[in-house]
Amino acid sequence: MSVFKKLTGFLFLLICISSCQNKAADFNNALVNIQKSVLTEVQAFGKKMKQVNADSLPSTDIKPKTDSIALFISDKIKDAENLRAPESGEQLKAAILKQLAFEKDIITKIGRLALPDLSQEERTLIETEFLSSQDKANELEDSVKSAQEAFAKRNNFTLQDK
């Protein structure tokens, strides 16, 4: 009888541990899905932007599109903020929120460049910020990746490349 109790206790413990791992993996997957949806929107916009000459931005209809994408990203930021992070998940959540805020900032600045009454000083400032934006994007991506790897390791699940 004692062996049966120990075996039952062990199985119960195993079920509890596996359910915790699923919550961690589900949390990770929810954040990844948010990232992917934002990436899809931003990439589609980026393809459209490649067709536009930077000097002709004020004469395009880019501003409503950037406003729409910025609103979409804001909604995704709220979705991520509302996710309940399992133990040790706050660092991953914070890294992804920083990345999403950066994407929103870039889109918003592109929209500002499309304003016809934008001062030359502000235009130059935004364009200068864009020059270093790739470095910042890479830094944020590395931060997300390392936070995600640490989270996966702490919660005993494997990340998949997709």
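Is E122 buried, partly exposed or exposed? With a relative accessibility of 26%, E122 counts as partly exposed, a class lying between buried (under 20% relative accessible area) and exposed (over 50%), as computed with a 1.4 Å probe on protein chains only. The structure is a predicted model, in which local features need pLDDT of at least 70 and side-chain atom pairs count only at pLDDT 80 or more, whereas totals for chains, interfaces and linings use all residues. Residues are numbered from 1 along each chain as its sequence is written, and side-chain values use heavy atoms, with hydrogens and water left out.

Five salt bridges were found in a search of the whole structure, a salt bridge being a side-chain nitrogen of Lys or Arg within 4 Å of a carboxyl oxygen of Asp or Glu. One of them pairs E122 with R112, with 2.8 Å between the closest N and O atoms. Because E122 belongs to helix α4 (residues 120-154) and R112 to helix α3, this pair ties together parts that are ten residues apart in sequence. Helices are DSSP runs of H or I with at least four residues, strands are runs of E with at least two, and both are numbered from the N terminus. R112 is partly exposed, at a relative accessible area of 30%.

Salt bridges were also identified within single helices. In helix α2 (residues 62-82), D67 and K63 are four residues apart, about one turn of the helix, and their closest N and O atoms lie 2.7 Å apart in a salt bridge. D67 is partly exposed at 39% relative accessibility, and K63 is likewise partly exposed, at 26%.

Helix α3 (residues 90-113) holds both D105 and K109, again four residues apart, about one turn of the helix. The side chains of D105 and K109 form a salt bridge with an N to O distance of 3.1 Å. D105 is partly exposed at 34% relative accessibility, whereas K109 is buried, with a relative accessible area of 17%.

When neighbours within four places in sequence are left aside, I73 is in contact (heavy atoms within 4.5 Å) with V38, V42, L100, E103, K104 and I107.
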